[in-house]
Amino acid sequence: MKAKVYFTREITPEKVVELYRRLGVELPGKVAVKVHSGEKGNQNFLRPEFWKPMVEEVKGTIVECNTAYGDASGGVRDHTEAHRKLMEEHGWTKYFDVDIMDAEGPDVIWPIPNGKVLKENHLGKNILNYDSMLVLAHFKGHPMGGYGGALKQLSIGCASRAGKALIHSAGKTDDRFETWKQHASSVEFPEAMADAAKSVVEHFQGKIAFINVMKNLSVDCDCCAVAEDPCMKDIGMLASLDPVAVDQACMDLILNSDDPGREHFMERVNSRNGIHTIEAAAELGYGTREYELTEI
């Protein structure tokens with residue numbers, strides 16, 4: 001059965017809310033709103049002002065987790081204190097309640113039965129405080145994963161520092177300083193991301209929704225302190241209840257674009273085997289690559 005994906009070429013805060021309403025879902029209880037808060041120095045991340053009407057629509061709490069990388073990358077989000085300060089600098093705390101879910105341990109550990117690579121996922125324990133989740137993803141490239149969208153927000157995005165280390169090392173270590181010495185292959189890493197995402201989707205089964213914004217289409221992620229400027233024109237926004245379908249639809253819009261920057265963008269995706277994350281997630285059965293695109 002094909003998943004429903006809604007698409008608009010108009011990129012405005014108000015249109016985000018309209019897209020969400022087309023999904024016909026009302027997220028219950030306390031809503032975790034997963035965003036990318038943007039690394040210090042990054043110029044491409046989507047600002048809190050852009051997301052404000054959508055977060056208010058669901059009365060949500062902004063959630064993030066600390067990163068596994070540290071000062072060597074130019075990043076400051078690997079420690080709670082510095083991460084909180086940056087979220088204040090970027091304006092998140094001005095508008096929203098903000099929860100760094102792994103600010104205090106211990107992590108929550110969810111088993112991943114039949115995972116391709118991982119047997120378990122380690123997440124910030126505060127994820128247990130929420131009844132539902134709205135995943136607001138900035139779709140763009142990524143230095144390690146090839147691309148970042150809904151599946152990356154679910155996996156790396158919700159994982160604690162130890163969880164991120166496990167994903168990056170394909171389950172070999174939860175030590176964030178050791179993980180870079182044992183980094184997963186270009187097959188294992190996307191599969192580990194797909195595994196981790198599965199545990200989050202299944203936890204919030206029927207109480208989770210996804211919006212991808214195809215704006216500021218750089219080959220680099222919002223986690224990069226120094227990111228390459230966008231190489232393609234903005235395309236639009238997509239919403240779905242299926243994380244696999246929404247990422248696949250975004251990828252298809254890139255592939256079918258006549259934008260001169262497409263080849264550069266896809267070189268990043270393909271050189272990191274990025275589409276394998278979507279393939280692996282579909283094989284794990286919590287989403288489908290077959291979808292019906294409705295433009296609004």
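## About the model

What you see is a predicted model, where local features need pLDDT of at least 70, side-chain atom pairs count only at pLDDT 80 or more, and totals for chains, interfaces and linings use all residues. Residues are numbered from 1 along each chain as its sequence is written, and side-chain values use heavy atoms, with hydrogens and water left out.

## The sheet

Let's start with the strands (DSSP runs of E, at least two residues, numbered from the N terminus). An open sheet with mixed pairing is built from 8 strands, in the order E4-E3-E2-E7-E10-E11-E1-E12. Here, two strands pair if DSSP finds at least two bridges between them. At the edges sit E4 (98–100) and E12 (291–295), each pairing on one side only. On average, neighbouring strands in this sheet are turned by 25 degrees against each other, ignoring direction.

Now zoom in on E3 (residues 61–64): E3 pairs with E4 in the parallel sense, over 3 bridges.

## The cysteines

How many disulfides (pairs of cysteine sulfur atoms within 2.5 Å) does the structure hold? The count is 0. Cys221 is in no disulfide, and the nearest cysteine sulfur, that of Cys223, is 3.3 Å away. The sulfur of Cys224 is 4.4 Å from its closest cysteine sulfur, in Cys223, so that is too far for a bond.

Are Cys221 and Cys224 buried or exposed? Buried means under 20% relative accessible area, exposed over 50%, and partly exposed in between (1.4 Å probe, protein chains only). Cys221 counts as buried because its relative accessibility is 0%, and Cys224, at 13%, counts as buried too.

How values were computed:
Helix = DSSP H or I, 4+ residues; strand = E, 2+ residues; numbered from the N terminus. Axes fitted to C-alpha atoms, helices over the stretch in contact; angles between N-to-C directions. Disulfide = S-S within 2.5 Å.
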